[in-house]
Amino acid sequence: MAILYRSLDHLGAPQPVFELALAWLDRRKPAPLHRPLLVHGDYRTGNYLVDEDGVSAILDWELAHLGDPMEDLGWLCVKSWRFGAVDKPAGGFGSREELWAAYERAGGGRVDPARAHWWEVFGTVHWGIICLNQAFKHLSGSIKSMEHASIGRRAVETEVDLLQLLREGN
Amino acid sequence: MAQDRPTESELLIAIADFLREEATPALDRADPRLGFQMRVAVNSLAILEREGRLGPAADAREQARLVALLGHDGTLEDLNRALARQIRAGQRDERDAAMMAHLDATTADKIAIANPKWR
């Protein structure tokens with residue numbers, strides 16, 4: 001949370017919707033786990049391979065860390081990873097409830113829906129700030145890239161999603 | 001002095017249509033990576049076309065709503081900074097119906113420019 005606030009301040013432009021989401025998250029911070037677990041850190045559609053038998057590989061482990069495994073489940077449900085299949089919150093292929101049940105069946109702990117929702121809101125605001133940061137890399141001259149610049153205009157997608165998510169959470 | 005036609009919007013649409021329909025397929029054959037970059041560029045041109053057409057009125061509506069909400073005047077950036085500061089200080093949250101209506105309207109206007117298909 002502190003890192004997200006720092007990024008937002010560093011970017012400079014006022015962002016009322018992100019402020020609202022961060023304050024919402026801050027007031028509802030889940031209790032820390034007694035035993036932190038392995039978190040992939042970028043577990044989303046685009047970072048795993050599947051074949052007829054199921055998941056065959058999970059890619060891009062460079063953000064792996066110890067923490068709350070609900071971070072991965074929340075990130076997978078961020079709307080930007082549904083690639084148009086908006087009615088299938090889990091990565092564009094299933095419901096949240098199916099994802100949670102599969103997680104529990106596969107040996108994960110019990111999923112608390114409120115905790116999973118918190119991490120989905122966190123993931124959404126995180127992606128929104130990453131979008132602004134990508135544009136900032138171009139604007140600051142550290143990377144000259146039209147693609148980076150254009151990602152800045154994707155931040156508003158997460159504002160739409162956050163306003164929806166905060167309503168669902170009340 | 002008014003410019004002759006095409007208007008800003010018409011010219012941007014003509015450029016985007018040319019790039020999408022003629023340049024992109026040729027680029028895809030030559031170098032798919034450049035084809036992808038061209039799709040990003042075409043998408044950004046479409047954003048600029050919508051921004052030129054819808055942006056000024058959207059900004060004016062946002063400004064008027066912020067003035068009504070905050071009770072003082074200022075530039076769009078100053079007003080948004082004041083609102084952001086109030087939210088961070090805990091003076092406003094999602095139970096503030098007037099603010100939520102403002103944020104819904106502002107976000108709707110922004111997404112109508114940046115990506116009207118988003119839902």
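**Notes on a two-chain predicted model**

1. Let's start with burial in chain B: of its 119 residues, 14% are buried. Here a residue is buried if 20 or more other C-beta atoms lie within 10 Å of its own, exposed if 12 or fewer, and partly exposed in between, with C-beta atoms placed from the backbone. In chain A, buried residues account for 34% of 170.

2. Some housekeeping. This is a predicted model, in which local features need pLDDT of at least 70 and side-chain atom pairs count only at pLDDT 80 or more, while totals for chains, interfaces and linings use all residues. Residues are numbered from 1 along each chain as its sequence is written, and chains are lettered from A and ligands numbered from 1 in the order in which they are written.

3. How confident is the predictor about chain A? Its mean pLDDT (the predictor's confidence in each residue, from 0 to 100) is 95, with 99% of residues at 70 or more. Within chain A, H2(A) has the highest confidence, at 98, and strand E3 (residues 54-58) the lowest, at a mean of 93.

4. Now the elements, which are DSSP runs numbered from the N terminus: helices are H or I with at least four residues, strands are E with at least two. Chain A has seven helices and four strands, in the order α-α-β-β-β-β-α-α-α-α-α from the N terminus. Chain B has four helices and zero strands.

5. What about overall shape? The radius of gyration is taken over C-alpha atoms, and the globule rule is 2.2 Å times the number of residues to the power 0.38. Chain B has 19 Å, whereas a compact globule of 119 residues would be near 14 Å. Along the principal axes, the C-alpha atoms of chain B fill a box of roughly 55 × 40 × 20 Å.

6. A straight helix of its 39 residues would span 57 Å at 1.5 Å a residue, yet H2(B) spans only 50 Å between its end C-alpha atoms. (The expected span is 1.5 Å times one less than the number of residues.) There's a kink of about 55° at Leu54(B), shortly before Pro56(B); the bend is the angle between axes fitted to the seven residues ending there and the seven starting there.

7. Which elements build the largest nonpolar core? First, the term: a core is a set of buried Ala, Val, Leu, Ile, Met, Phe, Trp, Tyr and Cys residues joined through C-beta atoms within 7 Å. The largest one has 41 residues, and Phe18(A) and Leu162(A) are among those with the most contacts inside it. Helices H2, H3, H5 and H7 of chain A, together with H3 and H4 of chain B, each give two or more residues to this core. H5(A) gives the most, with nine.

8. Zoom in on Leu162(A). Beyond its neighbours within four places in sequence, its contacts (C-beta atoms, placed from the backbone, within 7 Å) are Val17(A), Ala21(A), Val121(A), Thr124(A) and Val125(A).

9. Arg5(B) and Pro6(B) are joined by a cis peptide bond, with omega about 10°. Asp60(A) isn't a glycine, but it has a positive phi of about 60°. Asp60(A) counts as partly exposed because it has 14 C-beta neighbours inside 10 Å.

Methods. Contact = placed C-beta atoms within 7 Å.
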